[in-house]
Amino acid sequence: MDDLTREFLIESQEGLDRMERCLTELEERPQDTGLLAEIFRSVHTIKGTTGFLGFKRLEKLAHAGENLLGLLRDGKMTASAAVITVLLHLLDGLRALLKTIEAEGGEGDGDDAALIARLEELQAPSQHAKARNAGAVHQARQDTAVKAAELVAAPGATADSAAPPEQVAAEPTRAAAAPSTAVKIPAPEPAEAAADAATLTPAEAARARAQGTATESTLRVDVALLNRMMNLVGELVLTRNQVLQATAADPNMTLLSRRLDMVTADLRESVMKARMQPVSNVFSKMPRMVRDLTHVLGRRVRLQMEGQETELDKSLLEAIKDPLTHAVRNALDHGIEPPAKREAAGKDPEGILILRAVQEGSHVVIEVSDDGAGMAVEKIRSKAIERGLLSTERAAQLGERDLLQLVFVPGFSTAAEVTNVSGRGVGMDVVRTNVEKIGGKVEIDSRLGKGTTLRMRIPLTLAIIPALIVRSISQSFALPQGALSELVHIPPERAATAIEWMEGAPLYRLRGRLLPLVFLDRLLMPGRECKLFTDRDNFIAVLDADGRRFGLVVDSLADPEEIVVKPLSTVLKDIGMFSGATVLGNADLALILDPGSIAIKTGVTMSNEEESAQAVEEESESEAARMRYLLVEVAGRQAAVPLADVLRIEQLPFSRIEYIGCRPVLNFEGQLLPVEDSGGILAATEGNPEAQIVVVVCRDGNRHVGIAVSHVLDVASGGNLFEAGTGARTEGVTLLKDRVTGVVDLGGVPPLPAIEGAPEGWHETAEALG
Amino acid sequence: MSTGVSALHRKQKNEALVEVCSVRVGTTLFGIPIQHILEIVGSARPQPVPLAPGFVGGLVHYRGDVLTTVSLRYLLHLPPLDGAQDILVLESAGGCFGLLVDSVGEVLTVSAVDYEPNPSILDERRRALLVGTYKLKDSLLVMLDPERLDPARLDPARPSAAQAA
C-alpha cells in the first residue's frame, strides 16, 4: 500500500470517529448546524479523496451519503431518528470498506446498492418519504413539532413559511428531547432540555472549534517513538542522579547540576504528558454502543458522562476499552430493566447509566453505574454454593460485599438466560483480568432494586509506579505500593517468639488474626531456613493481592521510590515471580515482585480474608456519605484535609518561606503559593532557617494553597456528623477514626493580597516586598 | 532454523570477505558477524536473577532498557568466572539480549574460502550452538549464530527450544 492510501485511511478513520461522535450528539440536538457541517465535512473529504485514489465503490457510497447530508446541512430536511439510523449505517458501511482496503488493498466486490437506495429514498422529496420521516421520528411528537419538522423538510410549503426561523428551529429540538423518544440517549429532563441545549451548544461549538484549530497545531507521532523517548528520559534521570552524587562535593558544579536536575524533571513530565490522552477518547465510543444496545435489548436508557477531560496514559486508555465495553453491556443487559418492569417497580421507565472518570491522586477512578435492578446477593450465594465455589458454611460467613466480588470469578453468571449481548459469565472476568493486568483494581457495589456501580481504579501511568524497595539475599527488590497494606517491624528481641508454626506453616498473629508468612529469601533460594534474625531487625510486608493476604518476610527496607517499569524478557517472565525490572536511583537494578503470582505460587488462597471482609464491611457502612481525608496534626490538634484536594506534601527548610507583608508564601517553581498558618507553626519556627517544615499543597477551585502542618498522620475515611435534634449535616467537621475532627476550610485561605489589588503591577510589588 | 543457517552460510559464501568480531571464552576464540552486534558493553557486572534458568547470566542496564544476558560459559559447561565480564548486545528475531563473554577481541576480516561447517564429531550440545568455523592462520575462529543464543530459544520450558536443542 502506498503512503498516500495509508494516510487517507488514517485520516478517514479519524473523520469517521468524529462523525460517530457528532451523530450521537445530533440525536439530541437535530438542529445543530455545526454538527451537521462537521459530519458533512467528514463524508465529503472521504468522497473527494477516494475519487482521486480511484476507490469507486467507496466514492459512490460517500456520494450518496453526501447528498443526504447536504440536504440536512442546508436545512431542507431534519435529522430524525430514522435519518440518523441510516447515517449510522452509512458510517458502518464506510468503515467496513476502509477496513477492506486496509486489509486487502482493494475494495472487494460487495454491493452497497441497498444502503445507497435507503440513503436516496430518504432524500426523495415525495410526500411519502416525508410522512415516513416524520412518522419515524416519533409518534408521540406534538402536532406543532411535526408541522415544524415538515416545514423544515419542505421549506417551500406555503402555509407557515412566514413563521420566524428561530421558532421553527426551537420546536423540533424540544420535540426530539421529549422523554418518550426511545432511542434518545444523553438528554436531561424535558423541562431543562431547551435550556440545556442553549447552554451546551455554544460550549460544544467552542470545543469543536478548539479541536479544529488543534489539528493544525498538532502532529501525529508514532507511539513507539514516544516509548523510546520515555526510555531515554528514564536513562537521563539516572545519569542525572549519578551526576548529582558525583558533583555534590564540588561547589562550582552545584548550580549546574541543579539546573540539570530541573530540566530533567521538566522533560520527564513533558514526555509523560505527551502520552496522556483524555478519557473522552474511549468514552466517546459509548453513546453509539448504548444506542445500538438499547435497540436490541428494548431498554430505554439515558447515558450521562462525567469527567471526560480526565487524562490517562495512552496504553492504559487502550487497555480499559474492553473492560469498559463489557461493563456497559452488563449494565444495559442485566442492570437496567425493560421499561415495563421499571414502571411496575415505580421507577422512571428510562434508566440512567452514568460513566464517570475522576482523578484521585496517582489513580484515575472510572465508574459505571446504573439505576437498574441491582444484584441479589442471596442469588449469588446460592449460585456460588451450587457451583462449588464456596462451602455452605463459608458462604454463610461472607459479607454482602465479598459475595458481590464473586461475579468476577470466571464463568460466574447470575443471568437467568444467556442473551447475545451478555450473560455467559465471561464479561466480568474479562473486566477484572484486563484491569488487573495494568495494575488497577475493580470493585462492584450493588443494592437490590437500586442499581449497580462498577469501580475501576487505574494507575495514571503504566510506566511509573510507586514502590517500596526491600532487600533480601543481598539484592534489592521493588514491591508495588498498590498491594502493600502495612509494614510490621519485629525487633531482634521478639524474633524468637514472633512466629507461630502450624505443622510447618509459619504464621504471624496480626491484631489477633493469623497471617500466613512467606519468606522472600527462601522463596528465591529454595533450601534456606525460615527464621527471623535474632541479631537485627526483621520486617514483614503485609500484602493484599486480589484478596490474598499474606506477610512477606524481607531482610530490610529501603526508601520508597517512584520506579520506571521495564519489561522483562519472556524467559524471566516465565519464572512467574517478577512483573518487571527497574533501575534504582543509585543505578542498581531491581526486580519488581509480583505479589499476586507469589501468593498463587506459595498457595496463599482467598480463604484467610475474614479480616479484610470485616474491614470492608466497616468501610461499606454509609459508604456514600464517606469521604477520604488526609489526617494531619497542626500544633497538637488533629485536622482533616479532603484527600481529593491534596496535590502533594512538601517537606522543606523554613528558609524557603517568604513573606508578602505578613502573609507567608512559598515560591514554588516560579509560582507563589499562599501558605495558611493557622496553627502558628511558621511563627514558632521563625528564626531557625534550618528547621524543616511540612506544607500540604492543596487545590481550592483553580488556585493552589499550602497548609503548614506539624505532621502528616494518616489517610482515613470520614463519616458525616448530624446535629442532634435537627438531623442536619454538620459542615466543617467529620468523624475520623471515631474522633470528631475539624476539616480545614481551603476556601477560607485568603488570596494573595497583591493579586486582589493590582494584577498588572503585582510582580513589582512581590519583588519589592520579597 | 535450518533455513536460517543455510542463509547465513550462503551469505558468507557469496560475499568474499566477512567482518567478524572475535570474543574469547575459556581458551576458544569465537566469532560473531558484526552486523548482529548493536554494541559492546565493557566490564559489566550483571545482576543475578533468582530462580532463572542457568543459562541466564543476569540483567544489565542498557540504554534505558533492562537486558537479559546469556552466559556463554554456562552453555559450554565452563565454570563461572569471577569479576566483570564483557557483554555483546546482540539483536535476534526475538529482540535484543546480551551475551556474556570473557573478553572481546578485535574485529577480524575473514574470507569465505576459509569457512567450514561443523565437524561431525562435535557433540550434540555444541552443534546446536555453533555454526561452523573459519580457519585462521594459527587457530580456529568458531562462529556463533545469535538466533541460536536467543534466551527465548534456549529456555527448555518453551516448545521452540525443543527444536533448537
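Let me start with A:Ser474. In this predicted model, A:Ser474 has 64% relative accessibility, so it counts as exposed, the cut-off being over 50%. Where is A:Ser474 found? It lies in the loop of chain A between β8, residues 464-472, and β9, residues 475-480. Look at the backbone there. A:Ser474 is not a glycine, yet its phi is positive, about 50 degrees. Most residues other than glycine have a negative phi.

B:Leu51 is a residue other than glycine with a positive phi, near 70 degrees. B:Leu51 sits in a loop of chain B, between β3 (37-44) and β4 (56-62). Its relative accessibility is 34%, so B:Leu51 counts as partly exposed.

Now the interface. How many residues are in contact? On chain B, 21 residues; on chain A, 26 residues. The size of an interface is often given as the accessible area lost when the parts come together. Between chain B and chain A, the buried area is about 2000 Å². Carbon and sulfur atoms give 64% of that area.

What about charge pairing? Polar contacts do turn up: four residue pairs between the two chains, both residues at pLDDT 80 or more.

Which elements of chain B supply the side that touches chain A? β4, β5 (65-71) and α5 (151-154) each supply at least two residues. β4 of chain B gives the most, with four residues. By class, this side of chain B has 13 nonpolar, four polar and four charged residues.

Methods: Residues are numbered from 1 along each chain as its sequence is written. Chains are lettered from A and ligands numbered from 1 in the order in which they are written. This is a predicted model: local features need pLDDT of at least 70, side-chain atom pairs count only at pLDDT 80 or more; totals for chains, interfaces and linings use all residues. Side-chain values use heavy atoms; hydrogens and water are left out. Buried means under 20% relative accessible area, exposed over 50%, partly exposed in between (1.4 Å probe, protein chains only). Contact means heavy atoms within 4.5 Å. Buried area is the accessible area (1.4 Å probe) that two parts lose on being put together, summed over both. A polar contact is a pair of N or O atoms within 3.5 Å; within protein, one must be able to donate a hydrogen and the other to accept it, and residues adjacent in sequence count only if both atoms are side-chain atoms. Ala, Val, Leu, Ile, Met, Phe, Trp, Tyr, Cys and Pro count as nonpolar, Asp, Glu, Lys and Arg as charged, and the others, Gly among them, as polar.
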